[in-house]
Amino acid sequence: IIQQDEAPDYFVIELSLSGSKSVNDVVSIIDEFVGKNGAKISGRVILGLLYRQYTNGKITLKHVVKTMDWLIWEDDLTEEERGFMYGIDEDYDMAVDNVYGTVEEIEKYVLRVLVLFKDFDIDNFNKWFEINQSIDKEVYELRKVFRAENERIVEEMRKQAEVKKPWWKFW
């Protein structure tokens, strides 16, 4: 954008110089740009950038997971968005340590969440408010999908428990 525009927006210049800054600093730059009316946008932009950076192989899954965990506590996201990400760092650590789940399962889950925010990009910063309007509906739909999946898992576990003989019977 900087190379193509004769007079690039100050925001783009500032953001392009943020490569070595912390996530907190980047969020502050985005917050300045979007103002008070764009409260949820900064975290969503970070999630979109995480999606793009991870799918392009520029950052690791561990970095994505740690940043998502940071966003839960430090940014203004909806409760549903926080719920998608809550505990993902612990799930990742358990998968890496072969305690529970696999890294592939974590990656699949993370991508299912991050794809919601894929349209947020530096190249379309002037459309962030418009993109933001569609996100709540997509978050709601994904929440319904996750709930249905969890209900199926619980039902399967209940059925398996009914098939097993009670532990106190010895025949």
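Visitor: How much of the protein chain counts as buried, and what makes a residue buried?
Guide: Of the 171 residues of the protein chain, 36% count as buried. Buried means under 20% relative accessible area, exposed means over 50%, and partly exposed is in between, with a 1.4 Å probe and protein chains only. Bear in mind that this is a predicted model, where local features need pLDDT of at least 70, side-chain atom pairs count only at pLDDT 80 or more, and totals for chains, interfaces and linings use all residues. Residues are numbered from 1 along each chain as its sequence is written, and side-chain values use heavy atoms, with hydrogens and water left out.

Visitor: How many helices and strands are there, and what makes a run count as one?
Guide: The protein chain has eight helices and zero strands. Both are DSSP runs numbered from the N terminus: H or I with at least four residues for helices, E with at least two for strands.

Visitor: Why is α3 called largely enclosed?
Guide: Because 12 of its 15 residues are buried, α3 is largely enclosed by the rest of the structure. Among them are Ile41, Arg44, Leu47 and Tyr54. Just after α3, Gly57 takes a positive phi of about 75°.

Visitor: How do you know that the span of α3 agrees with what a helix should have?
Guide: The expected span is 1.5 Å times one less than the number of residues. For the 15 residues of α3 (residues 41–55) that gives 21 Å, and the end C-alpha atoms are 21 Å apart, so the two agree. The 12 residues of α7 should span 16 Å, and its end C-alpha atoms are 16 Å apart, which agrees too.

Visitor: What puts the buried residues of α7 on the same side?
Guide: In α7, Ile106, Val110, Val113 and Leu114 are buried. They cover an arc of only 90° around the axis, so they sit on the same side of α7; the arc is that of the directions from the helix axis to the C-beta atoms. On the other side of α7, Glu104 and Lys108 are exposed.

Visitor: Why is α4 called roughly antiparallel to α6?
Guide: α4 and α6 pack at about 150°, with their axes 8 Å apart. Angles over 145 degrees count as roughly antiparallel, under 35 as roughly parallel, 65 to 115 as roughly perpendicular and the rest as oblique, so α4 is roughly antiparallel to α6. The axes are lines fitted to C-alpha atoms over the stretch in contact, and angles run from 0 to 180 degrees between N-to-C directions. Contact means heavy atoms within 4.5 Å; residues that meet here include Leu61 and Val65 in α4, and Ile88 and Tyr92 in α6.

Visitor: How many aromatic pairs are there, and what makes two rings a pair?
Guide: There are three aromatic pairs. Rings of Phe, Tyr and Trp (its six-membered ring) pair if their centres lie within 6.5 Å; planes under 30 degrees apart count as stacked, over 60 as edge-to-face and the rest as tilted. Trp73 and Tyr86 have centres 6.0 Å apart and planes at 70°, so that pair is edge-to-face.

Visitor: Why is the pair of Tyr109 and Phe146 called stacked?
Guide: Their ring centres are 5.1 Å apart and their planes are at 25°, so the pair is stacked. Tyr109 lies in α7 and Phe146 in α8, so the pair ties together parts 37 residues apart in sequence.

Visitor: What does Phe146 count as, and how do you know?
Guide: Phe146 has 9% relative accessibility, so it counts as buried. Tyr109, at 23%, counts as partly exposed.
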